[in-house]
Amino acid sequence: MGYVPVKGGTRAIEASTQRLKYERLKDEEIVEIKTILSSMRGMIDQVMSEASLYSPELAALAIKQATGSMEEAVFLMRAHRSTLPRQYYSQTVEAETMFVERRISASFKDIPGGQLLGATYDYTHRLLDFDLLEEQPNSVQSWLAEYKKQFKNVETAQELVYFPKVVDYLRQEGLFETHEKNNAVPNDVTKKSLQFPSSRSARLQILTRGQTGAVTSLGYASLRGYGQVHPTVGEVRVGRIPIYLEYPNAVEQDSDDEFYIGEIRVTEVESFVPVKVKNDNNEDELDFEIGYGACYGQNETKAIAMSILDQCLEHTDVDFPTHDEEFVLLHIDSVESTGFISHLKMPHYVTFQSKLDSIRQVKKGVQPIES
């Protein structure tokens, strides 16, 4: 087996790193972190979700350092996350405590509390806005001033309004089964390797950390007919949820001993999936199951796709790849998948030369010697 010698590797790598920095700075334009924070909200939310680290500032830094490459930015955030100590676990959050910015239902026209459209591209025309090419600070300030005028005469709410969950009203009608809360400690996939068969808590963690495109693609595959009928989005809500920690020295846990440390912005989705079940007479009848999705920031497409896959993976006996938890969970991780594909760019000289030698011997009519 032949070996191909490589010289000057360190110098070449240093030169490559310098060239990378040059490509970022060659036009002598510096993107400020505050600019990324204020104008690239979608990218920040995606990076935080896939990195499983809620920090808009660090996500903006990773985007700047990676020059906009999502896979590199997520890799940077994951690497930084691995260096952070975990001192506490937060208390379980309830979506009912969310300060809702956007809330819609595709299942009902009228929902308790009403539909709240919020900020979304869903109702915009997908046409390039060429006015943005000439956008100036003074025009931005004028638009903002005019926009804020309409809120000056609006009375300030005296109390925070919480929106009820749509599915709770269906449970009250007996249309959805009510389950007891599972207070078992969830599996932490960042502390212990994923095991199969996996728990639902582990699956949800993998899905919410999954690469947005991969989760969306597999959700779409299921939607097209690979083992899944058409679900209906019961509720999408986007907003901020308060985070509390248990008081470290409390002898007995009490809600008064919890202390508030901040809030996170999340997207939550509950999808209603029609399924056939057997009744007492062993006859098929229609019922509904709930698929759940949640992720950092506002990423509704990913959360909906996640809810589809969540329901799929509850039925691993179905013979479709989207119901195979090993297939789904091991192939949607951003760092794992992009890292393994990217490693193909690294030197494979020895193994490739060995294969070439085998092919040459075969071409010459000589049987290769097996080791």
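These are my notebook entries on one chain, looked up in a predicted model.

**Confidence**
The chain averages a pLDDT of 86, and 91% of the residues score at least 70. In the chain, helix 4 (residues 56-65) has the highest confidence, with a mean of 96, while helix 7 (residues 166-172) has the lowest, at 83. I then checked residues 1-5, where pLDDT stays under 50. The model gives that stretch eight contacts beyond four places in sequence. Where pLDDT is low, the predicted coordinates should not be read in detail, so I leave those contacts alone.

**Overall build**
I found 13 helices and four strands in the chain. The C-alpha trace spans about 80 × 70 × 55 Å along its principal axes. Of the 371 residues, 29% count as buried. Among contacts between residues at least 6 apart in sequence, 66% join residues at least 24 apart.

**Surface and charge**
The chain has 39 positive and 56 negative charges, and their mean positions are 10 Å apart.

**An aromatic pair**
I looked up aromatic pairs and found three in the structure. One of them, W143 with Y147, is stacked: the centres are 5.1 Å apart, with 10° between the planes. Both residues lie in helix 6 (residues 137-149), four residues apart, or about one turn of the helix.

Is W143 buried or exposed? W143 counts as exposed because its relative accessible area is 54%, and the cut-off is over 50%. Y147, at 39%, is partly exposed.

Note on methods:
Residues numbered from 1 in each chain as written. Predicted model: local features only at pLDDT ≥ 70, side-chain atom pairs only at ≥ 80, totals over all residues. Heavy atoms only, no water. Phe/Tyr/Trp six-rings, centres within 6.5 Å; stacked < 30°, edge-to-face > 60°. Helix = DSSP H or I, 4+ residues; strand = E, 2+ residues; numbered from the N terminus. Buried < 20%, exposed > 50% of the residue type's maximum accessible area, 1.4 Å probe, protein only. pLDDT = per-residue confidence, 0-100. Contact = heavy atoms within 4.5 Å. Lys, Arg positive; Asp, Glu negative; His and termini not counted. Charge placed at Lys NZ, Arg CZ, Asp CG, Glu CD.
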